[in-house]
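User: Hello! I am new to this structure and would like to get to know it step by step. Could you take a few questions from me?

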Amino acid sequence: LEDHQIIENFKDPSTKNKAFNALLEKYQQRIYWHIRKIIIDHDDTDDVIQEVLIKIYKNLSGFREASQLYTWLYRIATNEALTFLKRKQKKFAYSLEDVNNELENKLSSGSYINGDEIQLKLQKAILTLPEKQRLVFNMKYFDDLKYQEISDILGTSVGGLKANFHLAVKKIQDYLTED
Amino acid sequence: LTIKASMTSKRNDSTLNNKNLKKSIFTVPKDYFELLSEKVRSKISTEESELMKSSILRQNVFQTPDNYFENLKSSINARIEQPESKVVPMYKYQWLRYAAAAVILIGIAIFGLQKQQEDINLLAGVPDLAIIEYLEEKQALEYDLLLSVTDLNTILDDMIIEETSSLSFAMGEHPELDYEFEYLDY
């Protein structure tokens, strides 16, 4: 089903739930993997994606289609995932612990992670990046999104994104070739 | 006429032949060209790196429990299908809503004052620039998100109406409230 049709059907009460199911069918996995790469832990991702999907359900009828549907979905997902991490960071405010440490521990010992040494090292390298570089890198490297699409999602200029991606690749490369 | 034209063009040529005019007025930052070739080299090496070429590294290392997406779909459906009216209609006890709202508002006000003081103490340790950057970033994302919701105005209006309704307003709408009052007090 085309996005436009999904949105139209969603506005009609008699087809609303069917349309939403079509949206879930089409996008829930992409949204999940996007959040998962930011949050790392499956259970946390599960909490966040549920909130994201409910938010989408509540706001979809007001979606103007000024942008692509999936950029809007990614944007909500990004926002919720980052908010989740920030809330978590707040809890660590008084200790030496920090969210990135926790995420790194989850990479090494968490469940539902299966990669060889170099793949896990790549994930650890990504965690050392500043937030924006991390987001761009994930979306470009793993999801193969275009700069323009990432720009629509994050509201950052294409030029800035290119620079961020380039920096990210360089840093990760250095990290991977270390020791 | 031809002669006249060629004379004019000759005069123009000679004006433009002024050597000073040929000098470029544009300059570049110091060491620009060295840096440029360095940048290009680094870009090429990045693009041709192991990292960018490797298909193994691009593989997804994260997994989900079995049937996770099926279950997710049903749990979301269960949440959205829960009719919001499952909450018992409270119009009969409208005054209770306002009493509860008042209690909550007072609570928030007291808590808010304390919290504000704590926050101020906490914030004192953070550099101003960091705070400004954080707020700007946060606002930009949230503002954009809000902008993509067309019914925003209606939603806000509804919220204002709901929040500013007073007891007398409610009584006007539900004259039976007087009776409920007595009944519940008893």
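This is a predicted model: local features need pLDDT of at least 70, side-chain atom pairs count only at pLDDT 80 or more; totals for chains, interfaces and linings use all residues.

User: What pattern does chain A follow along the sequence?

Analyst: Chain A has nine helices and zero strands. Buried residues make up 52% of its 179 residues. Read along the sequence, the pattern is α-α-α-α-α-α-α-α-α.

User: How far does helix H3 of chain A reach from its first C-alpha to its last?

Analyst: Helix H3 covers residues 42-59 of chain A, which is 18 residues. At 1.5 Å a residue, 26 Å would be expected. The helix comes close to that, with a reach of 25 Å.

User: Which residue caps the N-terminal end of H3(A)?

Analyst: Look for a side-chain oxygen that lies 3.3 Å from the backbone nitrogen of A:Asp43. The residue that supplies this oxygen is A:Asp41.

User: Which helix of chain B do the buried residues of H3(A) pack against?

Analyst: The buried residues of H3(A) include A:Val48, A:Val52 and A:Ile56. In chain A, the buried residues of this helix pack against helices H1, H2, H4 and H5. From chain B, the partner is helix H5 (68-81).

User: At what angle do the axes of H2(A) and H3(A) cross?

Analyst: Two packed helices are described by the distance between their axes and the angle between them. For H2(A) and H3(A), the axes come within 9 Å, and the crossing is right-handed. Among the residues making the contact are A:Phe20 and A:Leu24 of H2(A) and A:Val52 of H3(A). The axes cross at roughly 140°.

User: Where does A:Asp144 lie?

Analyst: A:Asp144 is not a glycine, yet its phi is positive, near 60°. At 59% relative accessibility, A:Asp144 counts as exposed. Its place in chain A is the loop between helix H7 (131-142) and helix H8 (147-154).

Notes
Residues are numbered from 1 along each chain as its sequence is written. Chains are lettered from A and ligands numbered from 1 in the order in which they are written. Side-chain values use heavy atoms; hydrogens and water are left out. Helices (H or I, at least four residues) and strands (E, at least two) are DSSP runs, numbered from the N terminus. Buried means under 20% relative accessible area, exposed over 50%, partly exposed in between (1.4 Å probe, protein chains only). The expected span of a helix is 1.5 Å times one less than its number of residues. Contact means heavy atoms within 4.5 Å. A polar contact is a pair of N or O atoms within 3.5 Å; within protein, one must be able to donate a hydrogen and the other to accept it, and residues adjacent in sequence count only if both atoms are side-chain atoms. Axes are lines fitted to C-alpha atoms, for helices over the stretch in contact, and angles run from 0 to 180 degrees between N-to-C directions. A crossing is left-handed if the near helix is turned anticlockwise from the far one by less than a right angle, and right-handed if clockwise.
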